[in-house]
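Here is a quick tour for anyone opening this structure for the first time. Have the sequence and the 3D view ready, and follow along.

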Protein chains: 2
Amino acid sequence: MATELKGLTKRSVNYSAWYNELVVKAELAEQSDVRGCMVIRPYGYAIWEKIQSVLDQKFKETGVQNAYFPLLIPKSFLSREAEHVEGFAKECAVVTHYRLKTNEAHDGVVVDPEAKLDEELIIRPTSETIIWNTYKNWVKSYRDLPILCNQWCNVMRWEMRTRLFLRTSEFLWQEGHTAHATREEAEERAKMMLHVYADFAEKYMAMPVIRGSKSETERFAGALDTYTIEAMMQDGKALQSGTSHFLGQNFGRAFDVTFLNKEQKQEYAWATSWGVSTRLMGALIMTHSDDNGLVLPPRLAPTQVVIVPIWKTDEQLAEINNKVSAICGNLRQMGISVKYDNDDQKRPGFKFADYELKGIPVRLVIGVRDLENGTVEVMRRDTLEKETVNIEGIEQYVQNLLEDIQANIYKKALDYRDAHIYECDNYDEFKQRIKDGGFFLCHWDGTAETEAKIKEDTQATIRCVPYGYEQTPGTDMVSGKPAKYRVIVAKAY
Amino acid sequence: MATELKGLTKRSVNYSAWYNELVVKAELAEQSDVRGCMVIRPYGYAIWEKIQSVLDQKFKETGVQNAYFPLLIPKSFLSREAEHVEGFAKECAVVTHYRLKTNEAHDGVVVDPEAKLDEELIIRPTSETIIWNTYKNWVKSYRDLPILCNQWCNVMRWEMRTRLFLRTSEFLWQEGHTAHATREEAEERAKMMLHVYADFAEKYMAMPVIRGSKSETERFAGALDTYTIEAMMQDGKALQSGTSHFLGQNFGRAFDVTFLNKEQKQEYAWATSWGVSTRLMGALIMTHSDDNGLVLPPRLAPTQVVIVPIWKTDEQLAEINNKVSAICGNLRQMGISVKYDNDDQKRPGFKFADYELKGIPVRLVIGVRDLENGTVEVMRRDTLEKETVNIEGIEQYVQNLLEDIQANIYKKALDYRDAHIYECDNYDEFKQRIKDGGFFLCHWDGTAETEAKIKEDTQATIRCVPYGYEQTPGTDMVSGKPAKYRVIVAKAY
């Protein structure tokens, strides 16, 4: 194991290899024998559970309730909404049969041709269709609205090239689907959820994000508007971390979800949908981690503090155990998760490397001399700085340190990002500089042609029209035509 | 809605119809347009979340960690374990293609024949195969054991006749899968988890269960031993509520999971698996509910207390609001979930019926005269008894009442069950009496022939060899052969 740790490629050498190796070595996830489907290992899943738990609470505070809708969707449902089918039919897993039978050689199983489905079923790539088909029966009057449902589930989109967490055929996510009586209320909900995502990213993941609207090309298939949060990874590439869609009446119309409004007229319900996925795990890893391994924000770290004793004799260990036991008790009382590792089968050096790799925010080391001196060695994972401090009051010290780390890694990520956002008005310059990553604020004439050309020339895409950026009109750097505002252009995961 | 409530069939008239109607009318779940797949509605899902949250905590207290494994399983994996494939291949959803394309008429989509998978994939009916295929890479030495993983997920078994919660093609569950270095440790873990389930059923669901071992015929496909908890529904039928399997080395052998034991010899790992599912929702409903609707145990009720005001003037409502606001605050402080329903669009009578249907354990009604007298009307859902009590100290009164309801419905279910367990030594008598339901303790000669005959004659099955029942040898009531012990025979869901 200790040798494996040394094997981690440096970010400066190959950022992509560093990421792939880190996910596996830190035991977050691994490829399965099923093409494109990952296994999320316990340590990775524990982080995902923390993410789920915070988000779930935030959703519920806005009135959202959880529910569960079928995994399988009749093929014909997909075709009901014209744009939606274009976006999702091309990459889905299709169930055609419902039984296997023993083969003739009696040494395996084959698909039973007798058990062919009349209509094929699709494993959900997203659930607008099946959910709106259900809402049809729930809604009669404006009094039945809004419906504010969310589900935590697995979805599947057949991907040709996959990467752990970032792009997998099966992934876990939450998808919120709301139905409203008015356009205004639906738009407000879509924006509200975007801000829930953004707040979560910044306050818990310690990941600064840019909030904005997608261009028409980049919108969700079937949406009138897609709001997005975009984060910058350490290589200057963008990672779309959450989206919220204003779907207008498209799904209401496609699935005949009508209601009697206050004026006693039949109207189609207004829709939103919004989701974040296990992709957030990839964003978390790439925002903070370093060449020694993971760096986790204290608020999402499954274990926030690890304590390692250094001893020679059994008496010494007993004495340290005794001292540490009280500290652990106190920390847990304060809501801090702590692990005491006095395993005598592993050397301290191995433990140090392993906990660095796993990104435990704070490490305490207590040796015999510390006991004599009433001290403890504290290491913070974000800066790797060590300090010897008084053991008296260590609990409060640790609590403050965790808050400090949370704030520090956010600031570090923010500084990095802000140093890599550029206004750019010249396409040749853009084409040159985009190679090194970064977010480019460029005037855009609003046409899909310009967008396509940028993508073709540089692989970069329009990430969003950013909110909160003071816009002035100008000239599109590609077409030379007038442009009302600047957009963020970047390469993206 | 109020008229719909009246439509609930009485249990004595048709227990099955009562159940089906209750699940839908209480808005717990409904059939979807996908054959055999249900929609779990927010109120039903909120109860499931409570179940999940308690169980998840209990699992973690025993050292279990959550993880996530792929939804899809290569067809060939199923065949690796001979008994397993027999048990599961016959009822599974098969993915054969990974793409749809626009049809020739351009008005729908069809399966793209070009996108046929080389090997078909099965939607997991249970995950032993894919998980043990993964464990292969995690285990080298006895030091890597035990592995204690659980996953909360959806599974699919193609069912011809489905009933909400009790038998659906897709259902939600948790499946624990552990790997051990010794037979003893694995057997101990399988039993430990059975007891976790039984404790949960009794303490949280207020549902008494009988713990026991399954007969060979009724074992999980691939298990050496299956432990079960069996509950009695109000119609005297059994509902298998959770199972835990000792799998021996069957999956270790099938997926080549070997380790170097302490004696430095290669050995196959020992396995267990254990699960409970959304079937528990059906058990919960059928154990306690009555002709007025759901009766929920306070510990699993999403809302434990509802408060309904009765008023005429705005001033009166304001006064009641004011009084209730303090009570709600106090109750929440005590960890009690409470809803205050002062909606002026619905009449009190409607609210009363609705909250009875939904099984809210405690209802408080506050009218104007109550305010004057310093009283409040309390109704407990389990007995429907009403009482007028002092509003002073109502919070403590409610807390005690919730505990009393929890204990009372458990006792009621226990008394019912115990009054319907019979020792029976005569097969003719058995055949007659089994028609009315109940658990029959019968001597069994241990043969599959006897078991099959009972099932053929009466549809009843051997539920388990019960634990904690003082066994004496006797004569098998069917075959007349010697029998070492009695088993529980019953009709089952």
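How much area do chain B and chain A bury between them? The two chains bury about 5100 Å², with 64% of it on carbon and sulfur atoms; buried area here is the accessible area (1.4 Å probe) that two parts lose on being put together, summed over both.

Bear in mind that this is a predicted model, where local features need pLDDT of at least 70 and side-chain atom pairs count only at pLDDT 80 or more, while totals for chains, interfaces and linings use all residues. Residues are numbered from 1 along each chain as its sequence is written, chains are lettered from A and ligands numbered from 1 in the order in which they are written, and side-chain values use heavy atoms, with hydrogens and water left out.

**Where the chains meet**

- On the chain B side, 65 residues are in contact with 65 residues of chain A, contact meaning heavy atoms within 4.5 Å.
- B:Glu49 makes a salt bridge with A:Lys60, and the closest N and O atoms are 3.1 Å apart.
- The side of chain B that touches chain A has 38 nonpolar, 12 polar and 15 charged residues; Ala, Val, Leu, Ile, Met, Phe, Trp, Tyr, Cys and Pro count as nonpolar, Asp, Glu, Lys and Arg as charged, and the others, Gly among them, as polar.
- Strand 5 (residues 94-97) of chain A and strand 5 (residues 94-97) of chain B run antiparallel and are joined by 3 bridges. Strands pair if DSSP finds at least two bridges between them; helices (H or I, at least four residues) and strands (E, at least two) are DSSP runs, numbered from the N terminus.
- In that pairing, A:Val94 stands opposite B:His97.

**A sheet in chain A**

- An open sheet of 5 strands in chain A has the order 18-17-19-20-21, with mixed pairing.
- Its edges are strand 18 (338-340) and strand 21 (386-390) of chain A, each pairing on one side only.
- Strand 19 (residues 362-366) and strand 20 (residues 375-380) of chain A run antiparallel, joined by 4 bridges, and A:Val362 stands opposite A:Arg380.
- Strand 20 and strand 21 of chain A are antiparallel too, over 5 bridges, with A:Met379 and A:Lys386 as bridge partners.
- These two strands form a hairpin with 5 residues between them, and A:Leu384 in the turn has a positive phi of about 65°.
- Helix 13 (residues 394-418) of chain A lies across strand 17, strand 19, strand 20 and strand 21 of chain A, at about 10° to strand 20. Axes are lines fitted to C-alpha atoms, for helices over the stretch in contact, and angles run from 0 to 180 degrees between N-to-C directions.

**A sheet in chain B**

- In chain B, 11 strands form an open sheet in the order 3-9-10-16-13-12-11-24-27-23-22, again with mixed pairing.
- Strand 3 (65-66) and strand 22 (421-423) of chain B are the edge strands.
- Strand 23 (residues 439-444) and strand 27 (residues 485-490) of chain B pair in the antiparallel sense over 5 bridges, and B:Trp444 has B:Tyr485 as its bridge partner.

Definitions and conventions. Salt bridge = Lys/Arg side-chain N within 4 Å of Asp/Glu carboxyl O.
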